[in-house]
Amino acid sequence: MKLKNVLIVVKDIEKSKQFYKELFGLDVIMESDGNVILTEGLVLQEKSVWEDAIERNVQPQNNATLLYFEETDMDGFLNRLSSYSEQIQYVNPPMEFLWGQRMVRFYDLDGNLIEVRTPN
């Protein structure tokens with residue numbers, strides 16, 4: 001068995017494509033019927049499609065999952081994040097651990113939790 005993708009639910013596919021392109025450099029591989037597959041295996045699915053499929057409401061900011069990214073240029077990333085056109089809600093401010101690794105946690109535009117760290 002092989003994990004192929006990770007799917008997150010979004011309200012506005014176009015805004016989410018722009019968010020993940022501008023901040024993380026992810027490109028669209030395929031688009032179809034409320035679904036977008038991005039590079040690195042991330043799938044965006046429109047909220048209405050997901051709710052119809054599972055017959056339940058989406059709970060944003062449920063803090064049950066996290067998208068983890070590593071970034072060597074943390075200063076550049078933090079600059080892109082702070083100057084992003086939409087307001088970013090931080091969970092943890094940028095911090096540096098005693099061993100030198102840096103980290104920030106925040107929500108994407110739809111309340112999906114994201115963590116970005118420098119490599120160990």
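Visitor: How many helices and how many strands does the protein have?
Guide: Good place to begin! This is a predicted model. Read along the sequence, its pattern is β-α-β-β-β-α-β-α-β-β-β. Counting them up gives three helices and eight strands.

Visitor: Which residues of strand β3 make up its covered face?
Guide: Let's look at residues 35–38, which form β3. In a regular strand the side chains alternate between the two faces of the sheet. Here N35 and I37 lie on the uncovered face. The covered face is made of V36 and L38.

Visitor: What is the bridge partner of E31 in β3?
Guide: Strand β2 covers residues 28–32 and pairs with β3 in the antiparallel sense, over four bridges. The two strands form a hairpin with two residues between them, and D33 in the turn has a positive phi of about 50°. Across this pairing, the partner of E31 is V36.

Visitor: And in β4, what is the bridge partner of I37?
Guide: β3 also pairs with strand β4, residues 42–46, in the antiparallel sense over three bridges. Their hairpin has three residues between the strands, and E40 takes a positive phi near 75°. The partner of I37 in β4 is V43.

Visitor: What is the radius of gyration of the protein, and why does it agree with a compact globule?
Guide: The C-alpha atoms fill a box of roughly 45 × 35 × 25 Å along the principal axes. A compact globule of 120 residues would have a radius of gyration near 14 Å, so the protein's value agrees with that: 15 Å.

Key:
Residues numbered from 1 in each chain as written. Predicted model: local features only at pLDDT ≥ 70, side-chain atom pairs only at ≥ 80, totals over all residues. Heavy atoms only, no water. Buried < 20%, exposed > 50% of the residue type's maximum accessible area, 1.4 Å probe, protein only. Pairing = 2+ DSSP bridges. Rg over C-alpha atoms; globule rule 2.2 N^0.38 Å.
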